[in-house]
Structure formats: structure tokens, C-alpha cells
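Let us walk through this structure step by step. Keep the sequence and the model side by side.

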Amino acid sequence: MITISHHIKAALTVAGLFILTTIAALDAQAAPSALEPSTNEEVWIKVPAPVAIDWYEDSCRYDHTEYRTFKDYENCIFKSLAQADNAQSRKWGLSDRVIREKDTIYINTPNHKQPLVFKDYLEPFEEEYRAHYQLQDYDKSHHLLQLLRTMYETQATVIVDLNTGRWQELYATNLKFSSDMNQVVGFNGRQGVTRDIIIWERQKADNDGRYATIFASNELYEQDYDNDKKHEVYEARDISWTSNNKVNVDFYYRVNPTDTVAFRVRYIYAADNKEGKWQRVLPDVNTND
């Protein structure tokens, strides 16, 4: 199960509420479609009761006009980001290598005199050009750091190899790497199509190990569910590799808005063993084939 409570809290602190609610609204308004899940197996999980989101002490308002000056608004956001990111860096044992100072994240890597620099952009009356970074995840065994970049109507994930200093930005969230690290899958980061997945593959011919897109589902965004499937538990969305050529894409829904249990809707995508072509597994197909 994906755990993103820290990231959601940090995002809300700096305006993620606007993005999440907008995405949810667009998803709910998608055009009806008859796309069936890959499996009809009935699975239920426990989920936290919905909590009304409210601004807590020292949090930052999305609307900068509520502040006396834009500088006050800016200071609030950068202070919140610095507290969250530096706390996360310490938790991962990276406080000597990954540091946020105000609007900038600095990442020190071996054999480089200068650190990698990821700088936020925040200007009044230019919401469509704003962007900020947050520490998202760290794979200690592979020394792979992930930063979430939030922009207008889009989210992307920056993956940084702390051994080499090489980095790449993928326009997706909730990244999951295959066991051999040759492929990575994530939810599309573009607003309105966040149900769909994108799969990248490491380019063997490139010495820098960059990933290139090999598949995008481009169909799940069209789904509009019946009345009993409209209450999605967004934080429970999950993608999991069951082998190096098969992934499960799971969504969970409450029957009623305040339920503490949710049922699963699963789509399976697999690559043909002969041609390597990715496709959605249909309900009447044996998923073990």
C-alpha cells in the first residue's frame, strides 16, 4: 500500500489542497465508459475515516492576497517547506547531503564540487508558472532520492542517483521500480488523467542510465463509476509489480462518504513475453498466462 500521508500534509501546507481537490473534481466528471476491471475478485480494506481538512496553526494559505505583503506569504511557504524537508532528510540520515534553505534544495554528491540545486519559483499573479519541490522518497539500498515537483496542473517526480549525481524528471507520481530497476511505473502527473499509468524503461545503450517511455495506458481517465464507486480513497491508490512484466493498478472506493472500509477495483497491465508489448489484461484472460 502506498503511504503518502507525510507528502499530502506537506503539500497541503504549501497549496496542495488546491491541486488535489481540482484533480478529484476532474476525475469525478470524466465521461462514462464501460471499461471493466481485470479481475472481479472482491477485496475490502480498512481505511481511515474521512477528516475535514482545515488550516492548522502556522500553515500557509493558498491565496497570497490574504497576507499583508507577498513577501510574508513567501516566507511562510519557504519556512514550512524547510521544516518538512529538513526533518525528512534527518529521518533518512541524509542531513549532511540533502539540505533545504528557504526556496532551494541542495544535494551534495560524490566527485562534484558543486551541489545539485533545485529552486522553487514563486511570483505574485503568475500561478501558472509557480513550481516548488518537496522531498518525496528515498531508496537507501539503491541510493535513489525522489523529489516531488508541483506545478500548475501538473506534478512530476525527480529521481536523483546520490552516487553519481545524475538525475531525471518523470511526469508521474507514486513511482514504483521493478525488482531489477530496469523499469519504473507511476500515475500520470498531468491534471485530469491521474488515473492512468506510464511505464519507462532504462536505456541500455545510454551510459547515463536514463529512462524512456515505453507505455502509457491512456484509458483509465475515462472511467466514470456508478454511484457506489464515486467515493475514491485517493491516498490508497497503489501500483505494484508482480513480476518484471506485470503490474497491478489498484483503486479503492467507499460505498458511503464516511465509511471506514473500501472495496478494490484492480486493473492489470502486462507485457507479452514474445513481443514485449504492454497491454491491459481483460477480465476473461488468465492473469497467469
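Predicted model: local features only at pLDDT ≥ 70, side-chain atom pairs only at ≥ 80, totals over all residues.

Residues are numbered from 1 along each chain as its sequence is written, and side-chain values use heavy atoms, with hydrogens and water left out.

Start with strand E15, residues 246–254. Strands (E, at least two residues) are DSSP runs, numbered from the N terminus. E15 is mostly covered, with 9 of its 9 residues buried. Buried means under 20% relative accessible area; exposed is over 50%, and partly exposed lies in between (1.4 Å probe, protein chains only).

Now look along the strand. In a regular strand the side chains alternate between the two faces of the sheet. Lys-246, Asn-248, Asp-250, Tyr-252 and Arg-254 point one way from E15. Val-247, Val-249, Phe-251 and Tyr-253 point the other way. Both sets are buried.

Which strands pair with E15? Two strands pair if DSSP finds at least two bridges between them. Strand E14 (residues 238–243) pairs with E15 in the antiparallel sense over 5 bridges. Here Ser-240 has Asn-248 of E15 as its bridge partner. E14 and E15 form a hairpin, with 2 residues between them. Strand E16 (residues 261–271) is also antiparallel to E15, over 8 bridges. Phe-251 has Val-265 in E16 as its bridge partner. A hairpin through 6 residues joins E15 to E16. Strand E13 (residues 231–232) runs antiparallel to E15 too, joined by 2 bridges. There, Glu-232 is partnered by Tyr-253 of E15.

Is Tyr-133 buried or exposed? Tyr-133 counts as buried because its relative accessibility is 10%. Contact means heavy atoms within 4.5 Å. Leaving aside neighbours within four places in sequence, Tyr-133 is in contact with residues including Leu-81, Asp-85, Arg-100, Phe-118 and Val-158. Its C-alpha atom is 9.4 Å from that of Tyr-121, 12 residues apart along the chain.

Thr-109 is buried, because its relative accessible area is 8%. Not counting residues up to four places away in sequence, Thr-109 touches Arg-97, Leu-116, Asp-161, Leu-162 and Gly-165. The side chains of Thr-109 and His-112 are joined by a polar contact of 3.2 Å. A polar contact is a pair of N or O atoms within 3.5 Å; within protein, one must be able to donate a hydrogen and the other to accept it, and residues adjacent in sequence count only if both atoms are side-chain atoms.

Key:
Helix = DSSP H or I, 4+ residues; strand = E, 2+ residues; numbered from the N terminus.
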